[in-house]
Amino acid sequence: MDVVIVESPAKAKTINKYLGKDYKVLASYGHVRDLPSKDGSVNPDDDFAMAWDMDAKSQKRLNEIAAAVKGAGRLILATDPDREGEAISWHVLEILNKKKALKDVEVQRVVFNAITKKSVTEAMQQPRGLDKELIDAYLARRALDYLVGFTLSPVLWRKLPGSRSAGRVQSVALRLICDRELEIEAFRAREYWTVETDMKTGAGDVFAARLVSLDGKKLGKFDIPDRKTADEIVARIKASRFSVVSVESKPARRNPNPPFTTSTLQQEASRKLGFSASRTMQIAQRLYEGVEIDGETTGLITYMRTDGVQIAPEAVAQARTVINNEFGEAYLPDSPRVYTSKAKNAQEAHEAIRPTDLARLPKHVAARLDDDQRRLYELVWNRTVASQMESVQLERTTIEMEANDAPIGLRATGSVIVFDGFLRLYQEGRDEPDDAEEGTRLPKVARGDKLGTEKIRPEQHFTEPPPRFTEATLVKRMEELGIGRPSTYASTLQTLRDRDYVRMDQKRFVPQDKGRLVTAFLENFFSRYVEYDFTAALEEKLDKVSAGELDWKELLREFWKDFTGNVAEATELRITEVLDRLNDALGPHVFPDKGDGSDPRACPSCDNGKLSLKVGRFGAFVGCSNYPDCKFTRQLTVGAEGEEATGDRVLGTDPETGAEVSLKTGRFGPYVERAPLSPDDKPKRSGLPAKMSAADVDLDTALRLLTLPREVGIHPETGKKITAGLGRFGPFILHDGIYANLKDPEELFEIGVNRAVTVLAEKIARAEERAGKVLKELGDHPDTGRPVQLREGKYGPYIKHGSTNATLPKSAVPEDVTLEEALALVAEKDAKSGKKKPAKKAAAKKEPAAKKAPAKKAAAKKPAAKKRAPAKKTAAKKPAAKKPAAKKSGKATEMAD
């Protein structure tokens, strides 16, 4: 028996079917260990020794693998064919060696680019050893990411509270977004004009021409600066007669794009399908792992983390056969096309992303895929086949015209497709519109032909700022600069969103104030480490490590020497020094010119205060230099609709209580507040819905918001109340511990019981669908009264009780599981996850009515209980001193790119 290790259980199941009963295929479930989120996991003082850690689940899986390997003939490591796959195999081997589980067991490494029976069986015939250089490159990257994150992020936390983390690639990607925003803010539109004329031939054909020269001088973009100049030129054209000076027609060809790499797949899926980079990779992973075809699970595309553009010779031959059969011989080039990558540091050994079988047309597999999978498979298939099709043949024509009696030059250009070639199947999307004139056919004219002028169109234009990055354009820019690698793009962009450093507006990245602060801090105090060239050069060195040209520890030593010196300097900085530098760096953004000549940093609340950046426990904000006498604060920048946040504003008086109602701006944005009625009361507050502008809030709006949370009514089935409220993630309704989101904040004030019951039922139905089919109702939990069920899961049957999901032991027969056995599994799972034992609700329900009387007495004693409340609050605060350390550990897990 030979043991084979792959990453996922789905992959293990498929490959075991391919290989047969002489093999046992087990899953590692991805990486089996990682650097723990604490100081000292990488020790520069001990030659960068790395202390790896395994969680309980990984330990259990490795124990199972170790048990299976004992007595086996071979251990075959068949993880993915990239650097991460090589690292997983290395980790598994290291752990098994420590367990001394490999005595007399031959260890082999195999790689395959597609999950098909042919690819897997062929790979088994070509085993090799582990790639030491690739493992060294992994270790170097992992150590660098850890050292940057765990060294730089604590500096951020101390100097800029509220900042989440910094990362080797993450921070450079964020700088790209922030730099583009600075370009947009600094942009000033400039007016210019163009003049187009409809020209008429002697045969009556009309075509458009544009003015290109005047008075013997070629016109530049801004040579017609205003309407007056444009009108003068129009008058001159009207008074002139034109003839053809030259006609030039020449053929042109346009070649197809190469097959997809990881980055180009992400770009094109973003343009054409609207997928985020992470969504694209999720769907591609499913297509790679495959679907069942003719009783056998088969991968539909090759491995999707690659920067190579060439495909295997047999795939090229198959593509040419498909082209000939589906489109005809005219669309087949004389010889196959060969592509090479233009990207920096491309690893040409990796094949491009392509269908595993090009004869498997999209329509053949559409019924076996969901809509997103079908669309992505069709995109990959079309791009791969088109890459081997004939070029597009064009005819480009240029007609030059001049006035007979004045130095005025006009030009008409056109481009006509003579043969559509690969465009028959596929055309790459564009990030921004261009000025292409394809499809414009010009009439036949000859030199010397007289032309008449029809309509003359002077058009006003204004220059436009550079566009914000989409996912597609940001990935493209990162690839051009050599920042990051294909496998990191999706996670890097997702990290920026998760940290709240950026937000998406019409699918474009907009830096948040928090992100701009972090970038400004790094540019001012760690400028080298967010430079594009430095990051790209570091990537090149890492590629040299993977090529065996550079020792990975030598790379780390060189980096660490300079980096620690820079960190030491920044650590000595006082927060006031940091804020002074940031005030200067972000001044135009945080304190924009008001346009009236006044000081943009003058405090609007007091006479002589000056606004400045401040930092608090939860992050940066703008405050007055006269604090505490002046308590003016606002967020860093102007509001969503362009209004400046200017401290508190009294909206009026609550007609029911007589209390003052105000709109206020805190560090987390605007909110409304009703003043307390007595010194012992607390003010009533409510945040604003996400899309509500503070400028639009009046007394009526504030009073409505202050009614939240409101009781909608009683659920007809449970007898428990339903409430509507506004939370961190928007409007919601709540019933018996179940939250359901509402699409429109207006529903908070209008929703009734019937609609609420429907929304809750839909939420439960979606949760039920995700939880899997109910195989057996085992009964109610004796303590909670909630049902205990046997359900069908992705990895096999499991027990479900409330939010607890307990896996069945392998020895258990699902059909024979009893309620008692299920309760024991639930209790065991709750104990492991630290859940408290549920209170016995069911027992309380069964008590006779007479026994409920003591409860009323207990209720009467509530005032006495209140006297003890302060003591409880004081006690609750004791552990608070330990929280910063815990937070540091938690945040640290988020640093690596």
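**Strand pairing, backbone exceptions and charged contacts**

Strand 25 (residues 710-714) pairs with strand 26 (residues 721-727) in the antiparallel sense over 4 bridges. Two strands are taken to pair if DSSP finds at least two bridges between them; helices (H or I, at least four residues) and strands (E, at least two) are DSSP runs, numbered from the N terminus. The structure is a predicted model, in which local features need pLDDT of at least 70, side-chain atom pairs count only at pLDDT 80 or more, and totals for chains, interfaces and linings use all residues. Residues are numbered from 1 along each chain as its sequence is written, and side-chain values use heavy atoms, with hydrogens and water left out.

Within this pairing, Ile714 has Lys721 in strand 26 as its bridge partner. Strand 25 and strand 26 form a hairpin with 6 residues between them, and Gly719 in the turn has a positive phi of about 75°. Strand 26 also runs antiparallel to strand 27 (residues 730-735), to which 5 bridges join it. Here Gly727 stands opposite Gly730 in strand 27, and the hairpin formed by strand 26 and strand 27 has 2 residues between the strands.

Lys720 and Asp736 meet in a salt bridge (3.1 Å, N to O), a salt bridge being a side-chain nitrogen of Lys or Arg within 4 Å of a carboxyl oxygen of Asp or Glu. Lys720 lies in the loop between strand 25 and strand 26 and Asp736 in the loop between strand 27 and strand 28 (738-741), so the pair ties together parts that are 16 residues apart in sequence. Lys720 is partly exposed, with a relative accessible area of 40%, and Asp736 is partly exposed at 34%. Buried means under 20% relative accessible area, exposed over 50%, and partly exposed in between (1.4 Å probe, protein chains only).

By the distance rule, the count comes to 46 salt bridges. One of these joins Lys118 to Glu122, with the closest N and O atoms 3.1 Å apart. The two residues are 4 residues apart in helix 4 (residues 117-124) and are therefore separated by about one helical turn. Lys118 is exposed at 51%, whereas Glu122 is partly exposed at 37%. Glu673 and Lys664 form a salt bridge at 2.9 Å, N to O, and both residues are buried.

Most residues other than glycine have a negative phi, and most peptide bonds are trans. Tyr29, not a glycine, has a positive phi of about 60° and lies in the loop between strand 2 (23-27) and strand 3 (42-43). Lys507 likewise has a positive phi, of about 65°, in the loop between strand 16 (502-505) and strand 17 (508-511). Tyr29 is partly exposed at 36%, while Lys507 is exposed at 58%. The peptide bond from Tyr627 to Pro628 is cis, with omega near 10°, and Pro628 is placed in the loop between strand 19 (619-624) and strand 20 (633-634). The bond from Leu708 to Pro709 is also cis, with omega near -10°; Pro709 belongs to the loop between helix 19 (699-705) and strand 25.

Arg180, in helix 6 (residues 170-186), is buried, with a relative accessible area of 18%. Arg180 and Pro466 are 286 residues apart in sequence and 7.5 Å apart in space, C-alpha to C-alpha.
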